[in-house]
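Below are a few exercises, each with a solution worked out in steps.

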Amino acid sequence: MLEVSNLHSGYGRIPIIQGVALTLTQGEVLGILGHNGAGKTTLLRTIAGFLPTTSGKISFEGKDVTTAEPFLRARSGMGYVPQGRQIFPALSVRENLKVAAARCRQPVDEILELFPRIGRVLDRPGGALSGGEQQLLALARCLCVRPKVVLLDEPTEGIQPSIIDEIIETLQRVVLEKHISILLVEQNLDCLAALSKRILVLNRGKIVEILEDPKDHNSNRLAELML
């Protein structure tokens, strides 16, 4: 679904991502682990097209999208849920979903089956939701455009444990039922291990380790990699 080869990017003359390579297959969750400043968000923003690639290649379903605009990547099936959610706070939950669903003529009811908590607050303004509810709304809104791959940045940041469990269960259903692939940046180690088939450890913009079958690694081992 997604292949990144020798990717370099950054901000102006400041290099951040340095030679990253990764592959993401259909229905796979690939985790990205690293401390603050390791380049995780920069990597997602580059793949999504919001930061230019200095060198390297990004392929999506076998097509070179290295220089494609973000909206073209989105139209081809690449979804992006950024850190901070970025919902429309003045619009109702229903309106937030309809804005996304309109382009694909996606019935909102189909998405709400995966998000019962959101279905109970459809007429509430997005800005009045709790942080966890806003994150669920951001996920639901992304799914409204029928993505094939979702780039997901820190979905559990600042969220209460009960909704973290709900997010994990929802993402597991999304992968199983919708066969969507997810590139997941996350610092909640339990969430990362529960969802990911593999974890790439990012340090100073480089992949320094690959963990296969992360459920076999204990939390202490994952915590060591954050140091």
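A cavity here is a set of grid points where a 1.4 Å probe fits but cannot get out. Keep in mind that this is a predicted model.

**Exercise 1. Find the largest cavity and work out what lines it.**

Start with the search of the whole structure: one cavity of 30 Å³ or more turns up. The largest cavity has a volume of about 50 Å³. Next, go through its lining, which is made up of L139, C142, L143, V150, L152, L171, V174 and I182. Now sort by element: helix 6, strand 7 and helix 7 each give two or more residues to that lining. Helix 6 has the largest share, with three residues.

**Exercise 2. Describe the largest nonpolar core: which residues touch the most other members?**

The core has 44 residues, and the ones touching the most other members are L97, F115 and I182. Then ask which elements build this core. At least two residues each come from strand 3 (29-33), helix 3 (93-104), helix 4 (108-112), helix 6 (131-143), strand 7 (149-153), helix 7 (161-178), strand 8 (181-185) and helix 8 (189-195). Zoom in on F115: leaving out residues up to four places away in sequence, F115 touches L136, L139, A140, L143 and T170. As a bit of background, nonpolar side chains tend to be buried together in soluble globular proteins.

**Exercise 3. Size up the largest pocket and say which residues are closest to its centre.**

First, the volume: the largest pocket holds about 640 Å³ of space. Second, the lining: there are 24 residues, and those closest to the pocket's centre are F50, A74, Y80, R141 and V145. Third, the elements: helix 1, helix 2 (70-76), strand 6, helix 3 and helix 6 each contribute two or more lining residues. Helix 2 supplies the largest share, five residues.

**Exercise 4. Classify the aromatic pair: what is its geometry, and which parts of the chain does it tie together?**

Rings count as a pair if their centres lie within 6.5 Å, and planes under 30 degrees apart would be stacked, over 60 edge-to-face, with the rest tilted. By this rule there is one aromatic pair. The partners are F50 and Y80, at 5.7 Å centre to centre with 35° between the planes, and that makes a tilted pair. Now place them: F50 is in the loop between helix 1 (40-48) and strand 4 (53-60), while Y80 belongs to strand 6 (residues 78-81), so the pair links parts 30 residues apart in sequence. As for solvent, F50 has a relative accessible area of 43%, which is partly exposed.

While you're looking at rings, check F88 too: the charged end of R141 sits over the F88 ring, 5.3 Å from the ring centre.

Note on methods
Residues numbered from 1 in each chain as written. Predicted model: local features only at pLDDT ≥ 70, side-chain atom pairs only at ≥ 80, totals over all residues. Heavy atoms only, no water. Phe/Tyr/Trp six-rings, centres within 6.5 Å; stacked < 30°, edge-to-face > 60°. Helix = DSSP H or I, 4+ residues; strand = E, 2+ residues; numbered from the N terminus. Buried < 20%, exposed > 50% of the residue type's maximum accessible area, 1.4 Å probe, protein only. Lys NZ or Arg CZ within 6 Å of the ring centre and 35° of its normal. Core = buried A, V, L, I, M, F, W, Y, C linked by side-chain atoms within 4.5 Å. Contact = heavy atoms within 4.5 Å. 1 Å grid on protein atoms, 1.4 Å probe; cavity = no way out; pocket = protein on both sides within 12 Å on 5 of 7 lines; lining within 4 Å. Points joined across faces, edges and corners; volume = space filled by probe spheres on them.
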